[in-house]
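Here's a walk through a protein model, meant to be read with the structure open beside you. Take it one region at a time and look for each part as it comes up.

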Amino acid sequence: MTSNWSPSSWREKPIAQDVVYEDQQDLEKVLGKLRQLPPLVTPIEIDRLRAQLADVAQGKAFLLQGGDCAELFSACSQDPIEHKLSLILLMSLIILHGSRLPVIRIARIAGQYAKPRSKPTEVVDYPIEGQEGKTEKREVMSFRGDNVNGFEVTDRRADPERLLSAYFHSSATLNYIRALLSSGFADLNAPRQWSFSHVRSPSLQKAFEEVIDSLMDSLDFMRVAAGGAGAGKNEGSAARGGTETVDFYTSHEGLSLEYEEALTRAVQPSSAGNGFSSFARPARPSGASSSSRANSTVRGSSQRGEEKPEQQQKYYNLSSHFIWIGDRTRQLDGAHVEYFRGIQNPIGIKVGPTMKGDELVKMLDIVNPDNIPGKVTLISRYGADKVEKFLPAHIEAVKNSRHVVVWQCDAMHGNTKSSETDPSLKTRHFVDIISEISTSMKIHKELGTILGGVHLELTGEINEDGFSVTECIGGSMDLMDKDLSLNYLSHCDPRLNYEQSLDVAFLISDYLRA
Ligand code: PEP
Ligand code: MN
């Protein structure tokens, strides 16, 4: 048991990017309901992912993580979910083909609703009531993600009911993902059904056909070699590479700690064997007060007579398999680090240019004191022009410590620029994204460490005419700055579109083959 930690101990610490709710009673009601609702994922799935990430840390598997910057409730619908799932599956096949490594797939999905912002408020054109078409300048709360407030300027009040909506949208999304996977959506024998048909580029189509043909040959070979049934399965600790279904994990930024706390559950040791049971119960008995940050010493588990002593239980965040701490909320003495240090889930930590080497090691000492393999993924995000300056020192700092981590390159967040034709649009250049990934790989190789994965903002979304989004510049489609407004749909950061994401996967595949 982590000392002096409880699911609510973060309430004693200063918190960055906090959301202030007007009505604490409303908030309490919602949190009470959330504590009572069933988990979205199980401890067994979380433990499996942690074991697979331990393989990534050793270079035995590759981690592909991607999805929207901000998921929207309105995107909780059949097509967007299928497109995102198929895109990540396709990318993982392409990377697997080049690297010959199992690919661990984690999507930013089923909970990626909360957003940190550089400014808490913004001045907007606000419609004047009763005066059709007229607006006035007004300062409103910035859009903080669908689980906090709405994107429409008239809907910016923080509404606690949205936390409950976030839970139900997450569960609907995850339910459909699970249903698709258990119905053969990821069956390697039918990859051509994965929404690839709309990709117009003949060269991308051809490259993909080659990957599929070659993988099918390998699968046929394995089937023959294994004498039929079960061929192609790899049940080791690395990714399960069965032909019928695949592991697919969810993730989000663990920003809204009220929500994360409510979905944190104490898990009893299993009576059978050494593992922990997959059964969890609320970390706090329902009805216990949790709202007051000053009165935060309630320990969920200590209140029921029949339970095992508290030292033996472990706490899991059962809203998602993997959560990460953002670059703006990673203060060593802050609320987010306090919360993250107590959970069993594998976690990510964003590492940007302002992180100091000794700070990074102190962070690892706090969140992973026992140096559990696969527990921490360091998500570096400097920008193509800064990676040479900052990554080597961070690698050296970790190398000189006792810690083993997964190194992952987020090639998006250090590479955001304004569009030249419309400065109100944010964009990213494909060349910068590729450059940050390839430079990171080179640096890791030189220093004897491993770049274990990538973290991308991407979408498989297409409009009614079958066109992909136009938010990032470049790639094999050769999107230009002037094209950005054609189909720019993001309410937050610009995402790689379907074709650009496949381009990235092919390049990663080539680098890993080399
Ligand atoms: C994000 O991943 O969407 C994000 C806000 O990243 P960062 O915390 O690295 O800025
Ligand atoms: Mn983002």
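With 15 C-beta neighbours inside 10 Å, Phe-467 counts as partly exposed, because the partly exposed class takes in whatever falls between 20 or more neighbours (buried) and 12 or fewer (exposed). Keep in mind that this is a predicted model. Phe-467 belongs to the loop between β15 (451–457) and β16 (472–473). Leaving aside residues up to four places away in sequence, Phe-467 touches Ile-462 and Asn-487. Ser-251 is another matter: 216 residues separate it from Phe-467 along the chain, and their C-alpha atoms are 27 Å apart.

Start with β15, where seven of the seven residues are buried. β15 pairs with β1 in parallel, through five bridges, and Leu-63 sits opposite Gly-453 of β15. β15 also pairs with β12 (residues 406–410), again in the parallel sense, over four bridges. In β15, His-455 is the residue opposite Asp-410.

Moving on to β1 (residues 62–67), you'll find six parallel bridges joining it to β2 (residues 103–108).

| Residue | Opposite residue | Strand of the opposite residue |
|---|---|---|
| Leu-63 | Gly-453 | β15 |
| Asp-410 | His-455 | β15 |
| His-429 | Ile-473 | β16 |

β16 is part of an open sheet of three strands, ordered β13-β14-β16, with mixed pairing. β13 (416–418) and β16 are the edge strands, each pairing on one side only. Helix α10 (residues 430–447) packs on this sheet and touches β14 and β16, its direction making about 55° with that of β14. β14 (residues 426–429) and β16 pair in the parallel sense, over two bridges, and His-429 is the residue opposite Ile-473 in β16.

On to the ligand. Which residues are around ligand 1? They are Cys-69, Pro-116, Glu-253, Gly-326, Asp-327, Arg-328, Lys-350, Arg-381 and His-413. By type, that shell divides into two nonpolar, two polar and five charged residues.

Helices come next. The axes of α1 (residues 24–36) and α4 (residues 161–182) come within 8 Å and cross at roughly 20°. α1 and α4 are therefore roughly parallel to each other, since angles under 35 degrees count that way. In α1, the residues that meet α4 are Val-30, Lys-33 and Leu-34, and their counterparts in α4 are Glu-161, Leu-163, Leu-164 and Tyr-167. This contact is made of five nonpolar, no polar and two charged residues.

A few single residues in loops deserve a look too. Is Leu-318 buried or exposed? With 23 C-beta neighbours inside 10 Å, Leu-318 counts as buried. You'll find Leu-318 in the loop between β8 (314–317) and β9 (322–325). Its C-alpha atom is separated by 6.8 Å from that of Arg-265, which is 53 residues away along the chain.

Arg-100 has a positive phi of about 60° although it isn't a glycine. Arg-100 lies in the loop between α3 (78–99) and β2, and is exposed, with 11 other C-beta atoms within 10 Å. Asp-478, also not a glycine, likewise has a positive phi of about 60°. Asp-478 is in the loop between β16 and α11 (498–513), where it has 10 other C-beta atoms within 10 Å and so is exposed.

Last, the chain as a whole. It has 11 helices and 16 strands, and buried residues make up 47% of its 514 residues. Among contacts between residues at least 6 apart in sequence, 76% join residues at least 24 apart.

Technical notes:
Residues are numbered from 1 along each chain as its sequence is written. Chains are lettered from A and ligands numbered from 1 in the order in which they are written. This is a predicted model: local features need pLDDT of at least 70, side-chain atom pairs count only at pLDDT 80 or more; totals for chains, interfaces and linings use all residues. A residue is near a molecule or strand if its C-beta atom, placed from the backbone, lies within 6 Å of it. Ala, Val, Leu, Ile, Met, Phe, Trp, Tyr, Cys and Pro count as nonpolar, Asp, Glu, Lys and Arg as charged, and the others, Gly among them, as polar. Two strands pair if DSSP finds at least two bridges between them. Two residues are in contact if their C-beta atoms, placed from the backbone, lie within 7 Å. Axes are lines fitted to C-alpha atoms, for helices over the stretch in contact, and angles run from 0 to 180 degrees between N-to-C directions. Angles under 35 degrees count as roughly parallel, over 145 as roughly antiparallel, 65 to 115 as roughly perpendicular and the rest as oblique.
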